[in-house]
Amino acid sequence: MAEEHTMEVRWSGDVPLGNAMADAARERGFPIEMETLDGHAVLAINVVDSDLQSLRDRVDELLVVLSALEEAHKG
C-alpha cells in the first residue's frame, strides 16, 4: 500500500479574503471547503501527497500564496 500524507490548512476571517484564498487554492488544484458563519469565512484546504517532502513543499508554496493575499488585503 502506498503512503499518503495529508495536511489541512484552516483559516478564518474576512469573506472577500476567504474567497480570494479559496480561488488561489483551487487554481493550484487543492480541494477546499468554505463556509460563511456570522459574516466570517471559514476555509479548509486539504493537501495530499504520497511523499512527505513533496507535501511539505506544496504546503509551503500554498502558505506563501495565502500570505501574499493576506498582505495585499491589509494594505
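Guide: Start with a pair of strands. Strand S2 (residues 32–37) and S3 run antiparallel, joined by six bridges. Keep in mind that this is a predicted model.

Visitor: How do strands of a sheet pair in general?

Guide: Strands pair through backbone hydrogen bonds, and the pairing is either parallel or antiparallel. Now the case here. Glu 35 stands opposite Val 42 in S3. Met 34 has Leu 43 in S3 as its bridge partner.

Visitor: What do S2 and S3 form, and how many residues lie between them?

Guide: They form a hairpin, with two residues between the strands. Look at Asp 38, which sits in the loop between S2 and S3. Its phi is near 50°, a positive value in a residue other than glycine.

Visitor: Is Asp 38 buried or exposed?

Guide: Asp 38 is exposed, with a relative accessible area of 79%. The cut-off for exposed is over 50%.

Visitor: Which sense does the pairing of S1 and S3 have?

Guide: Strand S1 (residues 5–14) pairs with S3 in the antiparallel sense, over ten bridges. Trace two of the facing pairs. His 5 stands opposite Asp 49 in S3. Glu 8 stands opposite Asn 46 in S3.

Visitor: In what order do the three strands lie in the sheet?

Guide: The order is S1-S3-S2, in an open sheet with antiparallel pairing. S1 and S2 are at the edges with a single partner strand each, so one side of each has no neighbour in the sheet. On average, neighbouring strands are turned by 15° against each other, direction ignored.

Visitor: Where do side chains point in a regular strand?

Guide: They alternate between the two faces of the sheet.

Visitor: How enclosed is S3 by the rest of the structure?

Guide: Count its buried residues. In S3 (residues 40–49), seven of the ten residues are buried, so this strand is largely enclosed by the rest of the structure. For the protein chain as a whole, buried residues make up 32% of the 75 residues.

Visitor: Now the helices. What describes two packed helices?

Guide: Two values do it: the angle between their axes and the distance between the axes. Here helix H1 (residues 15–27) packs with helix H2 (residues 52–74) at an angle of about 150°, and their axes are 10 Å apart. That angle makes H1 roughly antiparallel to H2, because the cut-off for roughly antiparallel is over 145 degrees. H1 passes H2 in a right-handed crossing.

Visitor: Which residues make the contact?

Guide: On the H1 side they are Leu 17, Ala 20, Met 21, Ala 24 and Ala 25. On the H2 side they are Leu 62, Val 65, Leu 66, Leu 69, Glu 70 and His 73. Sorted by class, this contact has nine nonpolar residues, one polar and one charged.

Visitor: Can we zoom in on one of them?

Guide: Take Leu 17, found in helix H1. Leu 17 is buried, with a relative accessible area of 6%. The cut-off for buried is under 20%.

Visitor: Which residues does Leu 17 touch, not counting residues up to four places away in sequence?

Guide: Leu 17 touches Trp 11, Leu 69, Glu 70 and His 73. Its C-alpha atom is also separated by 9.9 Å from that of His 40, 23 residues apart along the chain.

Visitor: Where does H2 lie relative to the strands?

Guide: H2 lies across S1 and S3, and runs at about 155° to S3.

Visitor: What pattern does the whole chain follow along the sequence?

Guide: Read along the sequence, the pattern is β-α-β-β-α. The protein chain has two helices and three strands. Its C-alpha trace spans about 45 × 25 × 15 Å along the principal axes.

Visitor: What share of the contacts joins residues at least 24 apart?

Guide: Take contacts between residues at least 6 apart in sequence; of these, 58% join residues at least 24 apart.

Methods:
Residues numbered from 1 in each chain as written. Predicted model: local features only at pLDDT ≥ 70, side-chain atom pairs only at ≥ 80, totals over all residues. Heavy atoms only, no water. Axes fitted to C-alpha atoms, helices over the stretch in contact; angles between N-to-C directions. Helix = DSSP H or I, 4+ residues; strand = E, 2+ residues; numbered from the N terminus. Parallel < 35°, antiparallel > 145°, perpendicular 65-115°, else oblique. Left-handed = near helix turned anticlockwise from the far one by under 90°. Contact = heavy atoms within 4.5 Å. Nonpolar A, V, L, I, M, F, W, Y, C, P; charged D, E, K, R; others polar. Buried < 20%, exposed > 50% of the residue type's maximum accessible area, 1.4 Å probe, protein only. Pairing = 2+ DSSP bridges.
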